[in-house]
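Have the viewer open as you read.

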Amino acid sequence: SAFPRYQKYAQLAKWNNEAGFINETLKENWAKTSTFVWVLATQDSMVFPREGEHWQAPDPNDPYHSVLPMKETEWYKQDLFGLRTADEAGKNYFETFEGDHLAFSEEDFTRWINTYLVGGMHEWMDDY
């Protein structure tokens, strides 16, 4: 299996707390964030599988042909870095656009910023 090499060498494994140890600081910092906006490019040629942009993952039983939904991934089920906690708190928002990696329109970008970040900024500012 390639998983032990992934755990040892991949930065992504460290960020996802899959490297064989749990970095509690990552989970704590993840929990401090009030809003996550996950954007999937329908024609993404850089991220595989492109559904990973919405926290789906290759199915270990058939990684090239089957994708696990977010809630069936180990990082979600084990809440390795706080994804499940954020989801249960209603912090995750999912958007999709037609196009390749980062080729969204300025209109889409502005709409996402205004919808998810600027709109909630007054709540964040009230804390200070």
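## The nonpolar core

A nonpolar core here is a set of buried Ala, Val, Leu, Ile, Met, Phe, Trp, Tyr and Cys residues joined through side-chain atoms within 4.5 Å. Keep in mind that this is a predicted model. Its largest nonpolar core has 12 residues: Trp 30, Phe 36, Trp 38, Trp 55, Ala 57, Met 70, Trp 75, Tyr 76, Leu 80, Phe 81, Leu 83 and Ala 86.

Now zoom in on Trp 75. Which residues does Trp 75 contact once you leave aside its neighbours within four places in sequence? The list is Asn 16, Glu 18, Trp 55, Gln 56, Ala 57, Leu 80, Phe 81 and Leu 83.

## A cis peptide bond

Next, look at the step from Phe 48 to Pro 49: the peptide bond there is cis, with omega near -10 degrees. You'll find Pro 49 in the loop between β1 and β2 (57–58).

## Positive phi without glycine

Asp 79 isn't a glycine, yet its phi is positive, about 50 degrees. This residue sits in the loop between α4 and α5. Is Asp 79 buried or exposed? Its relative accessible area is 6%, so Asp 79 counts as buried, the cut-off being under 20%.

Leu 102 also has a positive phi, near 60 degrees, and isn't a glycine either. Look for Leu 102 in the loop between β4 (92–97) and α6 (106–126). Leu 102 is exposed because its relative accessibility is 63%, and exposed means over 50%.

Definitions and conventions: Residues numbered from 1 in each chain as written. Predicted model: local features only at pLDDT ≥ 70, side-chain atom pairs only at ≥ 80, totals over all residues. Heavy atoms only, no water. Buried < 20%, exposed > 50% of the residue type's maximum accessible area, 1.4 Å probe, protein only. Contact = heavy atoms within 4.5 Å. Helix = DSSP H or I, 4+ residues; strand = E, 2+ residues; numbered from the N terminus.
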